[in-house]
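Visitor: I'm new to this one. Could you show it to me and let me ask a few things?

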Amino acid sequence: MSTRSVIVAAVSLALAIAAGHASGQSPARRITGRIVDSADQQPLPAAQVIVTGTTIGAATSDSGAFALRVPAGTQSLSVRRIGYRAATVRLGDAQTDVTVMLHRDILQLEQQVITGVGTSISSRNAATQDPVIVSQTINAVATPTIENALEGKVPGALISDNSGAPGGGLQVQVRGTTSIYATAAGQPLYVIDGVIMSNAAIPSGLNSISNAANNTSGNGPSPQDQETNRIADINPADIESMQFLEGSAASAIYGDKGAAGVILITTKHGSSGKPQYNLTQRVGAFSLSNTLPVRRFTLAEAQADNINRGGPLTAAQVAENYNACNGFCDFQHQLYGSGAGSWETDISVSGSTSSTQYFVSGLSKYDNGAEINTGYQKQSLRTNVVQHITSTLTAAANLAYSASLARRGVNGNDNLGIAGYDNISYTPSYFNMNKRNPDGSFVRNPYGVANAFDDARRILTPETVNRITAGGNLDFKPITNRVQSLQFILQAGADFANQKDQFYAPADLQVERSPLSAFPGTSTYQSASNQLANYSISIIHAFTGVRGIQATTSVGITHDQNALFLPDIVSQNLVAGLANQQFGVVQTSYYTQQNVVNQGVYGQEQLLLFNERLAVTAGINAEASSNDGGVNRYYPFPKASVSYRFLAPARGIDEIKLRGAYGVSGTVPNYGVKFNADSLRGYLGTLGIRYGLVAGDPNIKPETNTDYETGLDATLFKGKVTVGATVYQKRITDLLLQAQALPSTGFNQQWINGGEITNQGIELQIAATPITAGRFTWLTGENFARNQAVVNNLPVPAFQPGFTAFGYSPFGGYRIQAGASPSAFWGQTIVKGVPTITAMGDANPAFTIGFSNDFSYGPLHLHTFLDMRRGFKVSDLTEQYFDGAHNYNDTAGTNRRTAAEAAGLTPYLYNGDYLKLRELTLRYDLPFGLLDRVGRGVFRNASISLSGRNLVTWTRYPGLDPDVSNFSSQLVGRGQDVTPYPPTRSYFLSLDLGL
Amino acid sequence: MHGAGRRAAPVLLALASAVAAACSNPTVPNYNALAGFPHTAASLQSEVTGAFDGVRSDIGNFQLFTDGMARNTAYFTASEQRFVSVVTGESFAGAGDLFMGPSVWDFYFNAIKGIDTIIGNIGAITVPTASGSGPLPATQQEALFGAMETLKAMYYMYIAQTRDTLGVPVNEVGHPIGAPPTPILCARDVWSQIVAMLDSANDSLTVAGSATAFPVAMPPGFALVSGNAGSFAGFTRALRGKARIELAYSSGRPVDTLSIGTPNAAQLDSAIADIQSAAPVYSATLSAAAAVPAADLGVFHTFSTTSNDVQNPINTNAAAIWVLQDAMAEIDTLDNRFVAKFGDAGAANGPTSVGAHIASSWHYVNNISGNAPIPVVRNVELQFLLARAHLAKGDFATAIALVNGVRTAVGGLPAAAVAADYVDARNFLLAEQRVSTMTEALGDRLDALRDLNLVAARDTTWSARSGPDGIANQIAGGTKDFQTSVIAIPLGESGARNGNITPACP
């Protein structure tokens with residue numbers, strides 16, 4: 001789209017508005033009224049009352065009252081409020097007063113679904129499947145980070161833990177694999193209150209201590225650093241709702257940032273009337289939820305085993321150690337059985353004056369880690385203010401600050417033998433490793449290179465994050481009348497995060513003095529800054545001048561910029577006892593910088609026809625990015641959708657909506673891939689040019705994701721049951737790929753666009769209130785999702801993607817090959833004596849099911865949520881570690897797997913199917929009478945609850961947890977279990993007070 | 001038009017103008033890579049330094065793989081047992097294996113590309129002159145060409161040593177990506193091309209004049225030869241001597257096999273002449289100090305533990321590099337050459353990882369650090385190369401004398417009494433070469449084992465699955481010997497050639 005055409009369209013729009021405005025005048029009368037809850041007749045503040053078919057509206061006050069000027073003649077009012085089903089009431093010709101009763105929307109039938117910057121549509125009319133998760137669902141159970149609270153609840157969004165480490169680290173994958181190499185597609189885009197916010201995962205530099213990436217030229221930051229996505233910084237209690245834009249028809253408004261889906265977060269805003277205080281206090285703990293079957297020995301077996309291991313201990317020493325542990329040193333519970341507690345305090349106040357709405361919240365929490373000397377603490381503060389400056393001008397601003405400190409220890413892959421479970425894998429259970437010498441130091445582990453207890457207590461891994469996010473908008477609505485409104489919206493935001501990792505491994509640790517560590521003592525300092533800023537300017541025109549038709553036109557521009565600065569200093573060979581980087585004999589610095597600028601221009605038309613039965617939306621967004629080869633080329637991302645509601649088409653069916661949508665979104669290329677990767681390196685004081693092995697592509701362009709989806713939504717039995725079904729196809733073309741160049745040319749890879757992946761899937765949802773009898777209600781909800789991905793074609797030979805190459809035998813590995821799933825695990829078999837690789841399963845589940853049930857009996861509430869995943873594989877390297885050291889109790893299994901490995905097979909690839917009891921809460925609402933007596937009118941409400949998360953896992957997977965990813969969030973390459981931080985379950989007792 | 005409408009129209013126009021203004025996207029530079037480099041005097045130094053730096057990060061792989069394949073040492077690490085199981089031939093690593101992957105391949109061709117860039121622009125390089133600026137003096141152009149061509153040949157030699165019968169594509173560097181590839185040359189032609197490069201380099205250094213100084217500084221490890229073209233030519237001839245021995249063997253045997261055949265006598269004579277004229281790298285006089293490689297006459301890759309430099313890549317693994325029992329069977333632990341590198345950890349403190357049963361308790365702990373140099377070529381090595389040439393010519397007595405010279409002068413051991421016959425002289429040479437140069441990333445013993453067709457004999461102490469009778473038969477055709485004597489052509493190379501990696505001898 002050219003700039004000129006945008007200007008012409010804008011001018012045309014202005015003229016149309018002027019003409020419409022001139023004809024929109026008519027006599028009016030004043031209507032007053034109240035909106036109340038149908039159940040208890042209590043007034044409902046903050047309800048939106050609109051004269052049907054117009055843009056004339058008002059919000060109710062704290063007492064549920066409103067006043068409007070409505071056009072003459074017979075009219076009707078449409079009333080909407082979050083948490084209630086919409087209602088429409090007719091007004092007589094002369095009627096000037098009305099009371100409207102709203103029914104609670106238990107099944108969440110009525111929600112406003114965001115369709116663009118400043119535009120939305122009722123979920124009744126939405127043409128796409130955009131699940132909305134509300135605050136109550138998010139905060140039903142205490143959660144480490146926001147993603148934990150969503151696991152299994154959003155059909156089409158596969159949300160998985162990377163490990164059990166405190167402080168988060170999860171991956172959200174929407175409708176399957178979207179890319180192989182384009183890192184921006186690794187996570188959905190997060191937009192908070194209309195402003196893009198970073199979800200960057202910045203490596204910590206742990207690799208300098210763990211040597212996980214095993215670089216011969218040094219150990220800088222690595223994806224194996226147990227990264228945490230920065231969306232962990234948001235306080236779940238601040239969230240009002242989360243909307244998932246899963247298909248491109250919905251996410252096209254975010255253009256080349258939308259292919260992996262978009263999550264729109266709306267935070268809480270001020271309530272109407274006087275200040276309302278809410279306080280939540282939680283106390284609880286995280287504890288180890290699973291252990292591995294470590295080998296147990298008789299004393300005679302221990303003596304023989306010690307000899308087999310080279311006899312590092314004398315027979316007397318073996319006996320002494322054996323007896324000290326009563327035959328079994330339970331390293332797992334000793335190391336990962338931290339008894340520390342956790343707590344969380346949330347406090348908020350919200351309210352409004354005549355022109356100002358405000359919401360202020362604060363959080364302080366501490367999550368203990370299961371491993372000794374690990375944990376996560378966070379404090380955050382948020383302020384949301386809405387100021388009605390004039391009747392046509394509103395300003396909103398939000399400011400949030402968070403500070404966190406995470407200590408995650410050393411877990412996951414390593415190449416030293418230092419990670420906790422790596423250490424346990426090679427240390428026999430008859431050796432009392434958790435023992436100190438008379439001088440207080442830990443005993444040396446003669447069976448390997450490290451003592452896990454010494455490492456856990458003395459290796460420091462603090463990661464502090466300070467983050468400020470600010471956003472706001474100016475909403476100017478100069479024209480509002482019976483037939484049209486005109487609105488200008490300026491939205492802007494900024495997001496500044498600093499992540500500081502200062503790790504220290506003392507020089508006198510056994511592992512630092514081992515033959516594998518050339519430079520005893522490691523101290524690292526990394527201070528990463530991530531800066532994101534964005535703004536948009538939108539013009540929205542709503543036209544209601546023709547009966548039965550609502551037309552909303554929006555045009556605008558968007559701009560965003562994201563910069564990352566990642567300096568890292570690694571100091572080794574430290575003078576004993578000193579952590580200061582200055583005192584390392586060997587000092588190495590690493591530095592990475594990235595910057596990307598994106599710009600777009602968009603237009604959208606949204607029509608509601610036939611009294612809101614037919615909804616039609618079409619639009620186009622054109623975006624350019626500095627990461628593209630041609631920085632001034634705007635790539636188009638069109639979309640179109642339609643839905644139609646059939647009212648009461650049959651007995652027992654309240655309504656059926658059929659819908660279909662088409663949309664295109666994209667993913668920008670990675671920073672720097674349009675350049676050759678030439679660099680400079682020192683050679684004893686002189687800088688030398690190193691020509692890059694990877695050739696850039698100066699014509700690189702965004703990946704393109706073309707979606708089609710169709711479905712139906714139905715409401716049955718007078719709103720007691722809702723069902724929804726969606727089928728989709730998602731075709732990604734122009735994949736960002738590394739083509740194999742002939743290495744003997746001097747380049748071994750070249751970035752290109754090419755190839756195609758298709759995801760096809762089905763998503764089902766059902767919600768119902770099967771029993772509502774007296775004081776008892778039962779609300780149930782189930783979701784089902786199935787996605788199948790296939791690489792349709794590749795312009796390059798099949799390959800193993802980076803960071804996943806553990807080979808095919810014995811663990812299984814990833815392989816991108818035409819005709820196969822991009823997330824397939826490939827393993828090796830021997831066919832007629834020749835090693836042959838073949839697809840053996842998939843890292844992504846064949847299907848997922850979420851079961852939610854809420855039972856209420858008066859003030860007593862029971863909430864359960866079960867998460868099932870079936871048909872996926874996990875590569876259990878941890879088991880192979882134990883087998884290699886003959887340290888599993890199942891020695892027959894060890895022998896079987898070891899023989900299979902020797903034969904070139906793939907014995908460590910397992911089915912990961914599981915059913916998890918994700919959430920369980922029992923809540924008691926204190927009676928109002930009691931509150932009144934105790935609090936003398938101070939308390940509005942109070943409740944006590946006992947909740948648990950991840951309490952039970954039913955699985956045949958032999959490892960710690962099938963929900964695992966050694967390489968953190970990956971486009972492909974999850975499901976690799978390499979001595980991870982073990983999984984935890986949590987219990988919390990909570991007190992909620994409303995004042 | 002109503003008042004509000006009239007007010008809105010100019011606002012719209014202003015916003016439309018803002019859209020137009022915002023539609024020019026700023027260009028963001030690449031902060032993490034270079035964007036072009038002019039061929040000035042200042043840049044020439046960086047380009048030449050880069051050419052010397054080219055393979056330093058990967059040279060550790062050359063050491064670990066060739067020393068393991070020669071059954072000298074192995075890297076025992078619990079986290080990557082393939083350094084033992086694959087390198088020593090106990091498990092299979094064919095062309096599709098990613099473990100050895102692009103080792104001793106990608107970086108080397110990449111470095112050669114950098115050298116070709118310098119060579120291609122020597123005439124275009126401008127330097128300050130009395131009258132302002134001008135091209136490099138002709139003698140310095142010749143000297144620079146000679147040095148760069150030598151370096152290029154050196155990198156090709158590393159590749160050829162690890163691939164041998166599998167061949168090497170010598171004419172591919174710089175070809176456009178996607179263009180039809182040139183053939184992979186057979187070992188004979190690879191060595192012939194390498195010798196030709198070194199001929200050309202030697203000619204240019206001769207034309208430059210022995211006193212001509214280089215227009216750039218070279219790394220400290222080249223200090224012995226970087227003073228002028230004349231001294232550098234000694235290095236060039238040392239490499240040429242080594243290359244000619246390989247050419248002699250590869251010319252004398254049927255293509256693509258490991259039989260001994262009849263080594264080319266003329267090449268052997270030229271090799272001897274080259275080495276004996278390789279001063280200052282070569283000297284007939286040996287010193288006891290040469291037990292420590294860095295103290296010997298020679299040319300070295302040098303390393304540093306300072307930031308943004310490369311530390312010795314073996315150092316990080318050194319203490320986990322254990323001498324194999326096979327090697328210990330013929331090593332005197334009082335030998336100065338052995339003591340200079342290895343220490344005894346004690347029987348109870350050997351490696352505990354997979355394959356530990358084949359390791360001794362001696363590991364690499366002496367004279368190794370992040371700053372320790374790795375030899376490119378050194379005088380002790382040249383003595384053994386001379387001995388090999390004489391052995392191939394049938395002059396067993398001279399060969400034995402050369403080897404005994406190293407044994408006594410450097411090893412500090414009494415001369416060995418060795419019968420002057422082929423087998424005894426050969427075995428004596430291999431045993432003394434092993435203790436003299438193991439862990440030094442020279443690859444000579446592996447070269448010798450192949451040239452002398454001893455791969456099968458060497459493998460008899462290993463698993464039945466290893467060696468030509470085991471591994472080779474697992475590969476279709478059974479004609480290629482993989483990691484027991486050569487590293488496979490990397491998957492990237494064979495894939496980009498659609499699997500057509502059969503070497504040609506045009």
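Here is a short tour in questions and answers.

Visitor: What kind of model is this, and how are things numbered?
Guide: Residues count from 1 along each chain as its sequence is written, and chains are lettered from A and ligands numbered from 1 in the order they are written. Side-chain values use heavy atoms, leaving out hydrogens and water, while local features need pLDDT of at least 70, side-chain atom pairs count only at pLDDT 80 or more, and totals for chains, interfaces and linings use all residues, since this is a predicted model.

Visitor: How many disulfides are there over all chains?
Guide: A disulfide here is a pair of cysteine sulfur atoms within 2.5 Å. One of them joins Cys325(A) to Cys329(A), S to S 1.9 Å. Searching the whole structure, the count over all chains is two.

Visitor: Which hand does the disulfide of Cys325(A) and Cys329(A) have?
Guide: Look at the cysteines to begin with: Cys325(A) is buried at 11% relative accessible area, and Cys329(A) is buried at 2%. (Buried means under 20% relative accessible area, exposed over 50%, and partly exposed in between, with a 1.4 Å probe and protein chains only.) The torsion about the S-S bond is about 90°, so the link is right-handed.

Visitor: How many residues apart are Cys186(B) and Cys505(B)?
Guide: These two form a disulfide with S to S 1.8 Å, right-handed with 120° about the S-S bond. Cys186(B) sits in the loop between α6 (138-163) and α7 (187-208) of chain B, and Cys505(B) in the segment after α18 (491-496) of chain B; the pair links distant parts of the chain, with a separation of 319 residues. (Helices, H or I of at least four residues, and strands, E of at least two, are DSSP runs numbered from the N terminus.)

Visitor: What type of aromatic pair do Tyr181(A) and Trp751(A) form?
Guide: Rings of Phe, Tyr and Trp (its six-membered ring) pair if their centres lie within 6.5 Å, with planes under 30 degrees apart counted as stacked, over 60 as edge-to-face and the rest as tilted. By this rule there are 34 aromatic pairs over all chains. Tyr181(A) and Trp751(A) are 5.6 Å centre to centre with 90° between the planes, which is edge-to-face.

Visitor: Which ring does the charged end of Lys916(A) sit over?
Guide: A charge sits over a ring if NZ of Lys or CZ of Arg is within 6 Å of the ring centre and within 35 degrees of the ring normal. Lys153(A), for example, lies over the face of Phe865(A), 5.7 Å from the ring centre. For Lys916(A), at 5.0 Å from the centre, the ring is that of Tyr914(A).
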